[in-house]
Amino acid sequence: IEADSLEQVRGKSVYDYIVPEYRGAFVSLTERVLRGGSGTLEFEFVGLKGTRRWLDTHAVPLRDARGGISALLAITRDITQRKLAEAALRENERLYRTVIEQATENIFLIDVESRRIVESNASFRESLGYSEDELHNMTIYDVVAADRVSIDANIRRVLEQGNPSVGERKYVRKDGTHLDPAAMGMPTGIPRDVPHVIVFKA
C-alpha cells in the first residue's frame, strides 16, 4: 500500500487501491468468501505513492467460536516480477514470430523429442506446397529427402555443438518433387511452453 503509517489507511476501503479493471472481480471474490466460499484472484493494485503492482490473493472465511463467518482471511503475494517476465516473453515471441513469418528464407521449427514440425513460415509452406495445418501434422522425416539415421545424426550434432550445421539437403514437396537448397539447422530457445526446438533455414 506504500503507507508510512497505519493512520494513512485507517478506515479506507481496500477497493480504492485496486485498478478499476479488477475491482469488480475483487468485490465478487470478497462476497463469495463472506458467504462461505473461497477463491483466488490475480489483480493490479496501486499504492499511495502511485506504484502499480500485481498481486495474487487466496481468500477463505474466518470463522468465530460458534462457526459463524466474522471476516475473511487472505494470503496475498506480490507477483509483479512474474507478470513482467511473462509480458516480456510474450513480446519476444510476438517479435520472433513476426521476423520468422516475414523472412524470405524458408524457415521451419521442429520439436527435438518428437521431430514434429511445430512452426513454419509462409515462404517454406509456399515452397513445399503444404498448408500450415498439414505441416503441423508432419515430422522432419516427411519433408527431408534423407534417411532417418542421417537426419537424427545432424540434429544431435547441432544440439551437441551448438553451432549451425550447413550442407546440401533436399526437401520433398507435396507433389513429390524435390526442393534442393542448402539446409542449416540451428538450435534456439524461443519463449514457448514446448520442449527445445531447432530452427531450420532451407
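Student: Let's start with threonine 30. Buried or exposed?
Tutor: Threonine 30 counts as buried, because its relative accessibility is 14% and the cut-off for buried is under 20%. Keep in mind that this is a predicted model.

Student: And where is the place of threonine 30?
Tutor: Threonine 30 sits in helix H1.

Student: Leaving aside neighbours within four places in sequence, which residues is threonine 30 in contact with?
Tutor: Threonine 30 is in contact with Tyr15 and Leu72, once neighbours within four places in sequence are set aside.

Student: OK, on to the sheet. What is the order of the strands?
Tutor: The order is S1-S2-S3, in an open sheet of three strands with antiparallel pairing. S1 and strand S3 (69-78) are the edge strands, each pairing on one side only. On average, neighbouring strands of this sheet are turned by 35° against each other, direction ignored.

Student: What does H1 touch there?
Tutor: H1 packs on the sheet and touches S1, S2 and S3. The direction of H1 makes about 140° with that of S1.

Student: How many bridges join S1 to S2?
Tutor: Eight bridges link strand S1 (residues 39-46) with strand S2 (residues 52-63), and the two strands run antiparallel.

Student: Which residue in S2 does leucine 41 stand opposite? And glutamate 42?
Tutor: Leucine 41 stands opposite threonine 57, and glutamate 42 stands opposite aspartate 56.

Student: What about the hairpin of S1 and S2: how many residues lie between the strands?
Tutor: Five residues lie between the strands of that hairpin, where glycine 50 takes a positive phi near 90°.

Student: Which residue has a positive phi although it is not a glycine?
Tutor: Glutamate 2 has a positive phi of about 65°, and arginine 115 also has a positive phi of about 65°. Glutamate 2 is in the segment before helix H1 (20-34), while arginine 115 is in the loop between strand S4 (107-111) and strand S5 (117-120).

Student: Is it buried or partly exposed at those two places?
Tutor: Glutamate 2 is partly exposed, with a relative accessible area of 21%. Arginine 115 is buried, with a relative accessible area of 13%.

Student: New topic: helix H2. Which strands does H2 lie across?
Tutor: Helix H2 (residues 80-102) lies across S1, S2 and S3, and runs at about 130° to S2.

Student: Which residues of H2 are buried, and what do they pack against?
Tutor: Thr80, Lys83 and Ile100 are the buried residues of H2. The buried residues of H2 pack against S1, S2, S3 and S4.

Student: Last one, confidence. What pLDDT does the chain average, and where is it below 50?
Tutor: The protein chain averages a pLDDT of 84, and 85% of the residues score at least 70. Over residues 182-196 the pLDDT is below 50, although this stretch has 53 contacts in the model beyond near neighbours in sequence. Where pLDDT is low, the predicted coordinates should not be read in detail.

Terms used:
Residues numbered from 1 in each chain as written. Predicted model: local features only at pLDDT ≥ 70, side-chain atom pairs only at ≥ 80, totals over all residues. Heavy atoms only, no water. Pairing = 2+ DSSP bridges. Helix = DSSP H or I, 4+ residues; strand = E, 2+ residues; numbered from the N terminus. Buried < 20%, exposed > 50% of the residue type's maximum accessible area, 1.4 Å probe, protein only. Axes fitted to C-alpha atoms, helices over the stretch in contact; angles between N-to-C directions. Contact = heavy atoms within 4.5 Å. pLDDT = per-residue confidence, 0-100.
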